[in-house]
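Biologist: I am new to this structure and would like to go through it in short questions. Please show it to me first.

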Amino acid sequence: MSTVSIQAPSTTDWHLPYKGRVGMFTLIFAETAVFTIFVVAYVYYIGRSLSGPMPRDVLELPILNTVFLLSSSITIMIAERALVRRAMGAFNAWWGLTILLGLIFLFGTAREWHKLITVDGLTISTNLFGTTYYSLVGLHATHVVVGLIMLLIVLIFSVTGSLHPKHTDRVETLALYWHFVDAVWVVVFTVVYVLGR
Amino acid sequence: MAGSSIPLPGGVSEAEPHDRPSGLATVLETLHSWVITVDHKKIGILYILYSLLMFVVGGIEVLFIRLQLAAPGNHVVSPETYNQLFTMHGTTMIFFVAMPILFGIGNYLVPLMLGVRDMAFPRLNAFSLWMTVFGGLLLYYSFIGGSGLQGAGTAPDIGWFAYAPLSELAFSRGHSTDYWALALIVSGFGSIGTAINFIATIFSMRCRGMTLFRMPLLVWLYLVSSGLVILAVSPLTAAQFMLIIDRYLGGHFFDTQAGGSALVWVHFFWIFGHPEVYVLVMPAFGIASEIIPVFSRKAIFGYAAMVAASVAIGIVSISVWAHHMFTVGMSSVSNAFFTLSTMLVGIPTGIKIFNWLATLWGGKIRFGTPMLFSLAFLFQFLIAGLTGIMLSVAPFNWQLHNSYFVIAHFHYVIVGAILFMIFAGFYYWYPKVTGRMLSERLGKLHFWLFLIGFHVTFDFMHIPGILGMPRSIYTYEADRGWGTWNLIVSIGAFIQAIAIAIFVYNLIVSYFRGDEAGPDPWDAWTLEWTTSSPPPSYNFQTDPVVSSRRPLWDLKHPEDPDSFD
């Protein structure tokens with residue numbers, strides 16, 4: 001095997017961004033496009049239902065739930081820093097708390113849906129509001145579920161001692177996804193519970 | 001100043017095993033290795049083979065359409081079958097031929113051109129391939145399961161754009177539309193996965209010295225194309241989920257009886273549908289930008305302008321979708337906006353055409369088969385663009401909307417530009433993939449027959465459109481005066497079919513009997529030609545280092561290396 005060098009070999013550093021990070025940002029762009037379509041449909045159909053119940057009759061502001069989900073963005077950041085410091089105990093605690101906050105959020109959504117279905121009689125096929133509401137909030141909740149499963153896998157790795165500071169890049173990539181899920185909730189909250197009511 | 005070091009071709013092939021024991025076990029082992037592969041080259045080949053299979057299927061469908069339309073009052077197929085044929089033809093050709101074949105070519109070439117071993121996420125790559133394949137199987141399974149096995153034989157019949165409320169449960173009973181929507185969701189996941197993979201590969205996996213502005217233009221165009229997949233296929237996937245919610249869960253997104261809007265579907269579909277054209281044409285531009293310089297023996301003219309124009313086309317193309325919808329009754333402001341934004345695409349496109357012409361100018365042009373297809377592409381793409389600008393004018397569009405003029409226009413783009421460049425790419429890179437040259441004699445026969453067939457079909461297809469023939473009609477009366485034109489169009493379609501049969505024959509025969517290609521049969525300049533043909537599974541024995549846009553030129557002409565950056 002021969003090689004030909006045209007000039008003196010390069011000594012400069014060759015640094016490229018981490019592929020996981022680029023991939024996750026691209027996925028987030030794709031997801032943003034998906035959510036945009038659902039949000040546009042939601043906004044376009046506000047007030048176009050031909051029959052009740054209407055949003056203002058049945059929706060309540062899920063303030064507490066929102067606080068739980070958004071604070072999970074902070075706990076996951078603290079967990080990431082703990083990993084860099086090699087403080088695995090702290091990492092497990094903060095990472096576990098992030099999962100707990102996500103679970104509480106899901107539980108809150110479940111309670112809200114239970115009330116809407118059993119008390120208010122609103123299902124996905126009741127009217128246009130039901131269709132768009134359950135689709136948009138459900139799409140977001142699906143992303144929370146996916147995120148929680150991945151967070152849980154990391155926690156299992158960590159508790160069994162297979163997670164090391166060299167995995168920081170991967171953990172950060174997952175955290176990016178979790179931040180995205182939180183950011184989408186801000187949009188969903190604004191559109192569904194503030195503008196749409 | 002960075003230096004270039006590139007492994008010379010030849011040595012690597014010795015690392016490949018030469019002796020292959022025969023027998024059933026080996027066949028199964030080979031098959032197994034292809035099914036489980038995560039190698040970008042094998043995945044690329046699988047994409048291409050799958051697309052070629054679907055291409056034949058979609059082609060047979062359109063031949064039945066052309067037989068049916070060849071004469072007025074024909075009854076070659078039933079009206080119901082006819083609706084299924086044009087729906088399946090469109091869906092197959094866009095989602096299961098054009099996209100996967102271009103993804104396949106990109107999969108094969110992008111890592112080689114960037115001088116790396118594989119894509120950024122090889123497993124995601126395999127996942128994307130099999131999702132696309134599974135999507136196609138789902139679509140064609142509708143022929144068996146479309147109305148629940150009792151009433152077998154109902155493929156989707158709602159047109160490839162599936163306008164609501166025709167696609168809603170009230171008007172499309174049974175499961176044929178479900179298969180259509182699910183097939184596109186599944187293959188859409190594959191497409192998005194591939195796009196993520198291309199973008200991550202291009203940003204994170206370049207060999208030492210390969211800065212963004214030293215990348216081959218083909219890689220740039222795959223970057224733009226992938227960006228458009230992210231922005232365009234994702235909305236389609238979202239809209240398909242809405243359709244599925246309507247059909248399975250009793251939702252009302254596109255249900256006009258419950259306050260839903262059919263127009264919302266039309267918007268969502270074309271937010272996907274128009275950028276999709278650019279998803280497909282960008283790689284075709286990329287192939288042209290590789291072949292034209294090599295066959296003109298000149299570096300590409302205006303590299304930076306080409307990159308800028310490609311990105312500009314990508315950006316503008318996401319704001320033109322409603323030019324498919326002038327007849328739905330939009331406001332004058334919207335009509336004007338979409339007319340102007342569509343015309344705006346002509347400017348960067350014109351820049352590209354002039355750059356290709358300037359590359360030819362003063363070059364020592366070699367008329368090999370890849371170049372013949374590329375030159376035809378230049379001419380045909382120009383005409384396709386010009387009819388596009390005609391159709392972008394709202395009042396003109398009102399006259400010709402959904403007529404055969406529109407069909408002729410977009411087939412000029414998809415066949416005359418994109419398919420011609422796919423063929424050019426086949427003749428250009430087949431030696432790299434297989435180690436053998438395609439027959440030039442058969443190639444020229446293929447080119448001339450296909451060129452004649454193409455022009456007989458699609459030049460004359462404009463005329464019945466202007467005479468008022470709408471798309472998607474089953475048949476027409478003799479006194480309309482469309483009969484002769486349709487007969488000519490149908491004859492052209494069969495000439496194209498013969499040309500494609502010659503092409504497929506060439507692909508098969510040359511694999512066994514073609515001339516040995518060697519690593520660099522075209523005396524080209526990009527990195528894929530530095531390794532053996534076919535490349536070993538690891539691509540390059542040592543990591544290449546590049547210091548210009550034409551690393552292989554540097555290698556061949558150490559006294560006169562590319563100095564521009």
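**Helices, loops and burial**

Biologist: Before we go on, how should I read the numbering and the model?
Modeller: This is a predicted model: local features need pLDDT of at least 70, side-chain atom pairs count only at pLDDT 80 or more, and totals for chains, interfaces and linings use all residues. Residues are numbered from 1 along each chain as its sequence is written, while chains are lettered from A and ligands numbered from 1 in the order in which they are written.

Biologist: Within what arc do the buried residues of H8(B) fall?
Modeller: A residue is buried if 20 or more other C-beta atoms, placed from the backbone, lie within 10 Å of its own, exposed if 12 or fewer, and partly exposed in between. In H8(B) the buried residues are B:Tyr303, B:Met306, B:Ala309, B:Ser310, B:Ile313, B:Gly314 and B:Ser317. Taking directions from the helix axis to the C-beta atoms, these residues line one face of the helix, because they fall within an arc of 135°.

Biologist: How are helix H6 (residues 217–249) and helix H7 (residues 262–296) of chain B oriented to each other?
Modeller: Their axes, which are lines fitted to C-alpha atoms over the stretch in contact, with angles from 0 to 180 degrees between N-to-C directions, come within 8 Å and cross at roughly 165°. Angles under 35 degrees count as roughly parallel, over 145 as roughly antiparallel, 65 to 115 as roughly perpendicular and the rest as oblique. The crossing angle therefore makes H6(B) and H7(B) roughly antiparallel.

Biologist: What is the handedness of the H4(A) and H5(A) crossing?
Modeller: Helix H4 (residues 88–118) and helix H5 (residues 128–159) of chain A pack at about 155°, with their axes 10 Å apart. A crossing is left-handed if the near helix is turned anticlockwise from the far one by less than a right angle, and right-handed if clockwise. H4(A) passes H5(A) in a crossing that is left-handed.

Biologist: Is B:Ala162 buried or exposed?
Modeller: B:Ala162 is in the loop between H4 and H5 of chain B, and its phi is near 50°, a positive value in a residue other than glycine. Since B:Ala162 has 23 C-beta neighbours inside 10 Å, it counts as buried.

Biologist: Is A:Arg86 buried or exposed?
Modeller: A:Arg86 also has a positive phi for a residue other than glycine, near 65°. Its place is in the loop between helix H3 (63–84) and H4 of chain A. With 10 other C-beta atoms within 10 Å, A:Arg86 is exposed.

Biologist: Which residue does a cis peptide bond join to B:Pro165?
Modeller: B:Pro165 lies in the loop between helix H4 (122–145) and helix H5 (176–204) of chain B. Omega of the cis bond is about 0°, and the residue joined to B:Pro165 is B:Ala164.

Biologist: How far apart are the C-alpha atoms of B:Leu445 and B:Thr369?
Modeller: B:Leu445 lies in helix H13 (residues 440–466) of chain B and is partly exposed, with 17 other C-beta atoms within 10 Å. B:Leu445 and B:Thr369 are 76 residues apart along the chain, and their C-alpha atoms are separated by 9.6 Å.

Conventions. Helices (H or I, at least four residues) and strands (E, at least two) are DSSP runs, numbered from the N terminus.
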